[in-house]
Amino acid sequence: MPHPVPLPGKQCQEITMTDRFDCDNCKESLYGRKYIQSDDSPYCIPCYDSLFSNTCDECKELIGHDARELFYEDRHYHEHCFRCFRCDRSLADEPFTSQDDALLCNDCYCNEFSSKCVACDKIVMPGTRKLEYAGSTWHEGCFICHSCSQPIGSKSFIPDKDEHYCVPCYEDKFAPRCTRCKKTLTKGGVTYRDEPWHKECFVCTSCKTQLAGQHFTSRDDSPYCLKCFGNLYAKKCEACSKPITGFGGGKYISFEDRQWHQPCFTCSQCSVSLVGAGFFPDGDRILCRDCHTSL
């Protein structure tokens, strides 16, 4: 806050000399009278005040030689005229602010122009550290996390309606948790059966290979890569003994309790494809019409 500068007063002197000694302005004798010496010239008190005294910016009257004079921004004041524009409190020894050429004490300035903290409803004093967000103002110490009550300061935060959270508390309170590890998902992730998973946690139940971005299937709500599912649960082709999964549009043939990959469904004797053709079972074998006839 600015402070006024007091100007030094002039010392009066009194003479009792017998030689002629006159005021440099009005030429009246200064014998037996008080006077003030200025630039080596003597002046009676009235002449000195009229010639050299400053005019008070408030009352527009001269500031006499014997008055305490205050100076602020090229303006001069009587001590008793240097007062708050609002409450009339003397500002001679108080901090103050100038607003549109009007002098205001600290309290009046804060009440009229300073913001109020939305948390404690107290004035945010000029020069103090504050935080502003969405048109509201807080003391730095009043802007705290709604969950842990710690000051947020310059750290990142997340608003939720009229509440503010530090990032760790927000994630702990609102962020979804991985179905497997139970930790919060802060970015990315996979949804399976309407449940969230970290990508690194969404793995094949058998071989633990990550399934994100891969084809997979499930059994009893547990996810499996196609290879593991085929090895563990799929029926085996009668011809090649490899799993028949039916994934990727692969077709297969089923007869009684046996299954074949479509390309593997061939005559056991001449290897001609039996897909779409008649065939004859012969024990564990299947034969085309020609091979069956030749038996």
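This briefing walks through the local features of one protein structure.

The model is predicted, so local features need pLDDT of at least 70 and side-chain atom pairs count only at pLDDT 80 or more, while totals for chains, interfaces and linings use all residues. Residues are numbered from 1 along each chain as its sequence is written, and side-chain values use heavy atoms, with hydrogens and water left out. The structure holds 23 aromatic pairs and zero disulfides.

**Annotated domains**

- The unreviewed UniProt entry carries the annotation "domain: LIM zinc-binding" for residues 54–115, 176–235 and 236–295. UniProt positions follow the numbering used here, feature names are shortened, and annotations may be inferred rather than shown by experiment.
- Residues 54–115 are 13% helix and 26% strand. Helices (H or I, at least four residues) and strands (E, at least two) are DSSP runs, numbered from the N terminus.
- The end C-alpha atoms of residues 54–115 are 38 Å apart.
- Residues 176–235 are 13% helix and 25% strand, and the end C-alpha atoms of this span lie 38 Å apart.

**Cysteines**

- A search of the whole structure finds zero disulfides (pairs of cysteine sulfur atoms within 2.5 Å).
- Cys108 is in no disulfide. The nearest cysteine sulfur to that of Cys108 belongs to Cys105, 3.5 Å away.
- Cys108 is buried, at 15% relative accessible area. Buried means under 20% relative accessible area, exposed means over 50%, and partly exposed lies in between (1.4 Å probe, protein chains only).
- Cys237 is also in no disulfide. For Cys237 the nearest cysteine sulfur is that of Cys240, 3.7 Å away.
- Cys237 counts as buried, with 3% relative accessibility.

- Helix 1 spans residues 45–52, and Ile45, Cys47, Tyr48 and Asp49 in it are buried.
- Strand 3 (34–38) and strand 4 (41–44) are among the elements that cover the buried residues of helix 1.
- Tyr109 sits in helix 2 (residues 106–113). Tyr109 is buried, with a relative accessible area of 18%.
- Leaving aside residues up to four places away in sequence, Tyr109 touches Thr97, Gln99, Leu104, Ser114 and Pro126. Contact means heavy atoms within 4.5 Å.
- Tyr109 and Phe202 are 93 residues apart along the chain, and their C-alpha atoms are separated by 61 Å.

**Aromatic rings**

- Rings of Phe, Tyr and Trp (its six-membered ring) pair if their centres lie within 6.5 Å. Planes under 30 degrees apart count as stacked, over 60 as edge-to-face and the rest as tilted.
- The structure has 23 such pairs. One of them joins Tyr165 and Tyr170, edge-to-face, at 6.1 Å centre to centre with 65° between the planes.
- Tyr165 is buried at 1% relative accessible area, whereas Tyr170 is partly exposed at 23%.
- Tyr192 and Phe216 also pair edge-to-face, because their ring centres are 5.7 Å apart and their planes are at 70°.
- Tyr192 lies in strand 13 (residues 190–192) and Phe216 in strand 15 (residues 216–219), so this pair ties together parts that are 24 residues apart in sequence.
- Tyr192 is buried at 9% relative accessibility, whereas Phe216 is partly exposed at 31%.
- Tyr72, Tyr77, Phe82 and Phe96 form one aromatic cluster.

**A hairpin**

- Strand 11 (residues 157–160) and strand 12 (residues 163–166) pair in the antiparallel sense over four bridges. Two strands pair if DSSP finds at least two bridges between them.
- Asp160 has Glu163, in strand 12, as its bridge partner.
- Two residues lie between the strands of this hairpin, and Lys161 there takes a positive phi near 60°.

**Positive phi in loops**

- Lys60 is not a glycine, yet its phi is positive, near 65°.
- Lys60 lies in the loop between helix 1 and strand 5 (69–72). Lys60 is exposed, with a relative accessible area of 56%.
- Asp221 is not a glycine either, and its phi is positive at about 70°.
- Asp221 lies in the loop between strand 15 and strand 16 (222–225). Asp221 counts as exposed, at 52% relative accessibility.
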